[in-house]
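Q: Hi! Could you walk me through this protein in plain words?
A: Happy to, let's take a look together.

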Amino acid sequence: MIRDDPLKQTYIKLPNKSLLLAACAACIGGTFQYGYNISVINAPTMYVQNFMNQTWRERYQIDVSQEFLTLLWSTIVSMFTLGGFIGVTIGGTLSVKLGRKGTLLTNNVFALVAALLMGLSYPTGLFELLIIGRLFTGINAGIAICVQPLYLGEIAPTAFRGAMGMGTSIFITGGILTGQVVGLKEILGREEYWPILLATTCIPAFLQLLILPWFPESPRYLLIDKGDTEGCKKALKQLHGIADCDAEWEDIEKEKNNLKGVKAKKPWELLADRSARWQLLTIILLNAAQQLNGINAIYFYADYIFKQAGIPNDKISYVTVGTGACECITALTCGMLIECLGRKVLITGGYTLMSICCILFTLTLSFQDASPVVPYLSMACVFAFILSFGGVTNILTTELFTQTTRPAAYMIAGSVNWFSFFFIGLVFPFIVIGLQQYCFLVFLAICSLVVIYIFLVVPETKNKTFLEIHNEFQPSSSRKASSVDGAGTTLLSGPL
C-alpha cells in the first residue's frame with residue numbers, strides 16, 4: 001500500500017479479516033451500547049411510569065402527583081447523560097492505565113451491573129434501582145464513546161483508518177435501530193416484558209467479553225506507551241497480516257521517535273497547548289454541532305408530522321424504526337465513501353444538505369395546512385435530514401492528535417458532546433415553545449457555521465499519517481524549520 005503512487009490506489013484492497021473482527025468485537029460492547037440505551041428507554045415509558053405510580057401507592061397509600069412522576073421519569077432519563085459525562089472524564093485516563101482493550105473489557109462491568117439493577121427493579125418494587133441502573137449505563141456509554149474510537153483508529157492501517165473509524169457511527173446507529181426494533185410490541189414492547197427489555201443491555205456486554213480477548217491490544221499503545229516491541233509486532237501481524245505489517249510498523253516507530261520523552265497529556269495540559277489550539281477548536285465545534293444541529297428537533301417533530309400525514313397512532317412506532325434504518329444507511333454509506341471522497345467532503349456535504357433541509361422544514365411546517373401534499377413534504381424532509389446526518393466527527397478526533405494527546409482530546413471532545421446532549425435536552429423544549437417551527441433557523445445557522453469553518457480551516461486527512469496531519473496545523477514558519485532525518489521522519493521543531 002504505497003500512498004504516493006496514484007496508480008496503486010485504483011484497486012480496492014479489503015482489510016484483514018482479523019482486523020474487521022477485532023473492530024466488531026470492540027464496537028458491539030462499545031458504541032452499540034450507547035445507541036441501544038438511547039433508544040430502548042423510549043418504548044416502556046408508560047409502563048415504567050405505571051410501575052412507579054403503583055410502587056408509590058403501595059408504600060404511601062396515595063397516588064404520586066403527575067408533576068413528581070414526571071420529575072422521577074426525567075431523572076431516570078437524565079441519569080444516562082450524567083453517567084455519560086462521568087464516563088468520558090475517566091475514559092481517557094483508564095485507556096492510558098489499562099490500555100484501550102483493557103478499558104473496553106473492564107467497562108462491561110458497568111453494563112452488567114446496570115442490567116442486573118434494572119432487571120431487579122420490578123420484582124423488588126424499587127424504582128430507585130432504575131435510576132442507579134441508568135447512571136451505570138451512562139458511565140458505560142461514556143467510556144465506550146471515548147475509548148472505542150481510540151482503539152479503532154490505532155489498530156487500523158492508514159489506508160483504512162476512515163472506514164474503520166466509521167465503525168463507531170455504524171454501531172451507534174445499529175444500536176439505535178436494534179433498540180427500536182426490540183421495543184416493538186411483537187418482541188419485548190409489552191408491559192410484562194419491560195424489565196427484561198431494559199436488562200437486555202447485558203447481551204452486548206457478554207458478547208464483547210467472549211470475543212474481544214481473542215484480539216490484541218492497540219499496537220500503537222504497546223510500542224509508544226508501553227515500549228513493548230515484540231507485543232506490537234505480534235499485534236500488527238495478527239491484525240494486518242505478515243505481508244502488510246512492515247509499513248505500519250515504520251509509521252508507529254516514526255511517531256514513537258518523534259514523541260520520545262513526551263508523556264501522555266492531561267486534558268488541562270492539552271487545553272494550555274498553543275500548538276493544538278486549532279485541532280481542539282475543531283473537535284469542540286464538531287462535537288457540539290453533533291448535538292445542536294437539529295437532529296433532536298427532527299425527532300421531536302417526527303410523531304406530529306407522521307400523524308399529520310395520516311399514519312395511525314399504533315403504526316407510528318414502525319415508521320420510527322424507518323428513521324433508525326435511515327441513520328444506519330447513512331453511516332454505512334459514509335463508511336464506504338470516506339476513503340474515496342475524504343472526510344472534508346462528507347462533513348461539509350452533510351451539513352450543507354442539513355442546512356437546506358432546515359430551510360425546507362421551516363417552510364413546510366409554516367404552511368402545513370395549505371395543501372394535503374405539504375405533510376408528505378414535511379415527512380420527506382424528516383427522512384432527508386436523517387440521511388444527511390453523517391457520523392465522521394469521531395474519526396477526526398483520532399486523526400487530528402498524536403499518541404500522547406489523543407486520550408485527553410477524546411476526554412475533552414466527549415465532555416463537550418455529553419454536555420451539549422444535556423444542554424439541548426434541557427433547553428430544547430423552551431426553544432420549541434418560543435420559536436415553534438422557526439427553531440430550525442437556529443439550527444440552520446449552526447449547520448452553516450460548521451460548513452464555513454470546515455471549508456476554511458480543516459485540511460483533508462485522508463491517507464495521511466498522524467504526524468503529517470499534525471504538521472498541517474503547525475504555523476508555516478514551524479513547518480519550514482522542521483527537518484527530515486534519513487528515515488524520512490518529519491521532526492517537528494514546535495512544541496507538542
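**A chat about the chain**

A: Let's begin with glutamine 208: setting aside neighbours within four places in sequence, glutamine 208 is in contact with Ala25, Ala26, Ile28, Gly29, Gly30, Leu104, Leu105, Asn108 and Pro213. Contact here means heavy atoms within 4.5 Å.

Q: Before we go on, what kind of model is this?
A: This is a predicted model, where local features need pLDDT of at least 70 and side-chain atom pairs count only at pLDDT 80 or more, while totals for chains, interfaces and linings use all residues. Residues are numbered from 1 along each chain as its sequence is written, and side-chain values use heavy atoms, with hydrogens and water left out.

Q: Thanks! Is glutamine 208 buried or exposed?
A: Glutamine 208 counts as buried because its relative accessibility is 0%. Buried means under 20% relative accessible area, exposed means over 50%, and partly exposed is in between (1.4 Å probe, protein chains only).

Q: And which side chain does its side chain make a polar contact with?
A: The side chain of asparagine 108, at 2.8 Å. A polar contact is a pair of N or O atoms within 3.5 Å; within protein, one must be able to donate a hydrogen and the other to accept it, and residues adjacent in sequence count only if both atoms are side-chain atoms.

Q: Where is glutamine 208 placed?
A: In helix α10, which covers residues 202-211.

Q: Let's zoom out. How many helices and strands are there?
A: The protein chain has 24 helices and two strands. Helices (H or I, at least four residues) and strands (E, at least two) are DSSP runs, numbered from the N terminus.

Q: Why is the chain called as compact as a globular protein of that length?
A: Because its radius of gyration is 23 Å, close to the 23 Å that the globule rule gives for 496 residues. The radius is taken over C-alpha atoms, and the rule is 2.2 Å times the number of residues to the power 0.38.

Q: What does the C-alpha trace span?
A: About 80 × 55 × 40 Å along the principal axes. Of the 496 residues, 55% count as buried.

Q: What does threonine 330 touch?
A: Leaving out neighbours within four places in sequence, its contacts are Ile386, Leu387, Phe389 and Gly390. A polar atom of the threonine 330 side chain lies 3.0 Å from the backbone oxygen of leucine 387, and the backbone oxygen of isoleucine 386 lies 3.5 Å from a polar atom of that side chain.

Q: Now glutamine 290. Which residues does glutamine 290 touch?
A: Not counting residues up to four places away in sequence, glutamine 290 touches Ile295, Tyr351, Phe389, Thr393, Asn394 and Asn417. With asparagine 417, the side chains make a polar contact at 2.9 Å. Glutamine 290 sits in helix α15 (residues 277-292) and is buried at 13% relative accessible area.

Q: One more: how far apart are threonine 89 and serine 415 in sequence and in space?
A: They are 326 residues apart in sequence and 6.9 Å apart in space, C-alpha to C-alpha. Threonine 89 touches Met411 and Ser415, not counting residues up to four places away in sequence. Threonine 89 is in helix α4, residues 66-97, and is partly exposed, with a relative accessible area of 34%.
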